[in-house]
Amino acid sequence: MDADSLLLSLELASGSGQGLSPDRRASLLTSLMLVKRDYRYDRVLFWGRILGLVADYYIAQGLSEDQLAPRKTLYSLNCTEWSLLPPATEEMVAQLSVVKGRFMGDPSYEYEHTELQKVNEGEKVFEEEIVIDKAVAIIPRGALFKTPFGPTHVNRTFEGLSLSEAKKLSSYFHFREPVELKNKTLLEKADLDPSLDFMDSLEHDIPKGSWSIQMERGNALVVLRSLLWPGLTFYHAPRTKHYGYIYVGTGEKNMDLPFML
């Protein structure tokens, strides 16, 4: 959710129980504005909260003018002081692939596995956020547009999805560089608008049925929830510019979902 409209966004997402205390909201509102100014980001998103056994990690992302450029990730334990996480190296990814279990909530905590390799929890936070983000960061169709020269920008003319469009999974895209779109044939791409349909649609996600879509507040709000990553909530008020997503969970994937559908 965009830090510029944080209070409204938290209110729209509150139906899923993803609220924050008044003091946390006030701290976030002030500190994220300072992050945007000090790091000179085009936009700052409050990504969510990873629940730890001792303390929780609050996660934010900094975006450049090109909305699909690699995002910078920051974390905080108190919603006031933010630390920038370094990009994950291939070695870090390989080490973290063997780490299992809940977060402790201590960036200096070290995990061990049978080969006695130690992994710092601060590194685990970054890698876990990247994995979840690629799977569940969502944007409604038309909210971004891609220029003929490549960069992707916020669509200032976006006025929201219609009520009928808002009820379709095909109206929502993964907020990342496309993966499946590159595998489509020219015939499958014939009806796509290259300036708007340049990301992967949620309707093709595997397993089928991994998304729940519901209308709330008398059809004034559409809410998508991930069944694969419990804790992810996306919201959009049809015919308005208001949309966003927030993750509040343990960072654990529901590996049993294919057997539950």
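Colleague: How many aromatic pairs does the structure hold?
Modeller: This is a predicted model. Two rings pair if their centres lie within 6.5 Å. The number of aromatic pairs in the structure is 6.

Colleague: Is the pair of tryptophan 47 and tyrosine 247 stacked, edge-to-face or tilted?
Modeller: Planes under 30 degrees apart count as stacked and over 60 as edge-to-face, with the rest as tilted. The ring centres of tryptophan 47 and tyrosine 247 are 5.4 Å apart and the planes are at 45 degrees, so the pair is tilted.

Colleague: What kind of pair do tyrosine 57 and phenylalanine 103 form?
Modeller: Tyrosine 57 is in strand S2, while phenylalanine 103 is in the loop between helix H3 and strand S5. The centres of their rings are 6.0 Å apart. Planes over 60 degrees apart count as edge-to-face. The planes here are at 75 degrees, so the pair is edge-to-face.

Colleague: Which residue has a backbone oxygen 3.2 Å from a polar side-chain atom of arginine 25?
Modeller: Arginine 25 is in helix H2. Leaving aside neighbours within four places in sequence, arginine 25 is in contact with Leu6, Leu7, Leu10 and Leu20. The backbone oxygen at 3.2 Å belongs to leucine 20.

Notes. Residues numbered from 1 in each chain as written. Predicted model: local features only at pLDDT ≥ 70, side-chain atom pairs only at ≥ 80, totals over all residues. Heavy atoms only, no water. Helix = DSSP H or I, 4+ residues; strand = E, 2+ residues; numbered from the N terminus. Contact = heavy atoms within 4.5 Å. Polar contact = N/O pair within 3.5 Å; in protein donor to acceptor, adjacent residues only side chain to side chain.
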